[in-house]
Amino acid sequence: LSKSKSKNSSVVKYLLVLPIIGAGLLFHACTEEKSDVTQPAGTGIITKTTDAPEVGEKIPGTDVYRLVENMPEYPGGMGELMAFLGNNIEYPADAKEDGKEGTVFLQFVIDTDGSVKDIVQKPDQKAYSNGPDQRLVEASIKVVSQMPQWIPGEYEGQKVKVQYVLPIKYQLE
């Protein structure tokens with residue numbers, strides 16, 4: 001009862017402090033703290049899978065390698081390989097008329113002399129989808145069978161047979 005009423009100016013000071021405190025709390029809540037964890041939350045730990053071959057690994061029951069120190073190389077490199085495909089592949093007319101598109105994954109072996117052998121559509125390609133149109137697969141096999149000899153792969157200084165997978169994309173304009 002004996003206290004005097006606070007002045008309006010002190011009430012205004014308190015009201016100005018409230019937005020500053022609120023802004024500080026909001027800023028603190030929105031900033032990230034640094035931690036030793038480098039993997040995003042909600043993702044699994046990345047581990048080596050059995051699908052990733054190691055150097056020197058062979059296809060079981062064969063003398064064909066999956067990955068070697070010096071992988072086979074198309075003469076002139078990847079640019080020349082793309083040029084060869086671009087110049088020699090024929091989009092099947094009936095597949096074009098039917099509007100068929102897709103990517104064909106061909107699996108083949110580069111032999112010790114650099115020749116292309118055992119050309120097939122990658123066996124597990126159909127497991128992921130219905131697979132590309134068979135006419136596109138046949139056109140792809142035809143062009144790959146016409147390739148010149150590659151520079152063979154090497155493992156431990158020896159020329160070896162190496163499995164190779166090549167995607168060929170068919171797209172209508």
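Q: Which residues does Q107 touch, not counting residues up to four places away in sequence?
A: In this predicted model, Q107 is found in strand β2. Once residues up to four places away in sequence are set aside, the residues that Q107 touches are D118, I119, V120, K122, P123, Q163, Y164 and V165.

Q: Is Q107 buried or exposed?
A: The relative accessible area of Q107 is 17%, and a residue counts as buried when this value is under 20%. Q107 therefore falls on the buried side of that cut-off, and the word that applies is buried.

Q: Which residue of β5 is the bridge partner of L106?
A: Strand β2, residues 102-110, and strand β5, residues 158-170, run antiparallel and are joined by 9 bridges. L106 also has a bridge partner in β3, namely Q121. In β5, the bridge partner of L106 is L166.

Q: Which residue in the turn between β2 and β3 has a positive phi?
A: Strand β3, residues 116-121, pairs with β2 in the antiparallel sense over 4 bridges. The two strands form a hairpin with 5 residues between them, and the turn residue with a positive phi, of about 90°, is G114.

Q: Within what arc do the buried residues of α5 fall, seen down the helix axis?
A: Helix α5, residues 134-145, has 12 residues and reaches 16 Å from its first C-alpha to its last, close to the 16 Å expected at 1.5 Å a residue. Buried in this helix are L136, V137, A139, S140, V143 and V144. These buried residues line one face of the helix, because seen down the axis of α5 they fall within an arc of 165°.

Q: Which element gives the most to the largest nonpolar core?
A: The largest nonpolar core has 23 residues, and those with the most contacts inside it are F108, V144, M147, W150 and L166. At least two residues of this core come from each of α2, β2, β3, α5 and β5. With 5 residues, the element that gives the most to this core is α5.

Q: Which residues is V144 in contact with, leaving aside its neighbours within four places in sequence?
A: V144 is one of the buried residues of α5, and is also among the residues with the most contacts inside the largest nonpolar core. Leaving aside neighbours within four places in sequence, the contacts of V144 are L106, F108, V116, I119, L166 and I168.

Note on methods:
Residues numbered from 1 in each chain as written. Predicted model: local features only at pLDDT ≥ 70, side-chain atom pairs only at ≥ 80, totals over all residues. Heavy atoms only, no water. Pairing = 2+ DSSP bridges. Expected span 1.5 Å × (residues − 1). Buried < 20%, exposed > 50% of the residue type's maximum accessible area, 1.4 Å probe, protein only. Arc of directions from axis to C-beta. Contact = heavy atoms within 4.5 Å. Core = buried A, V, L, I, M, F, W, Y, C linked by side-chain atoms within 4.5 Å.
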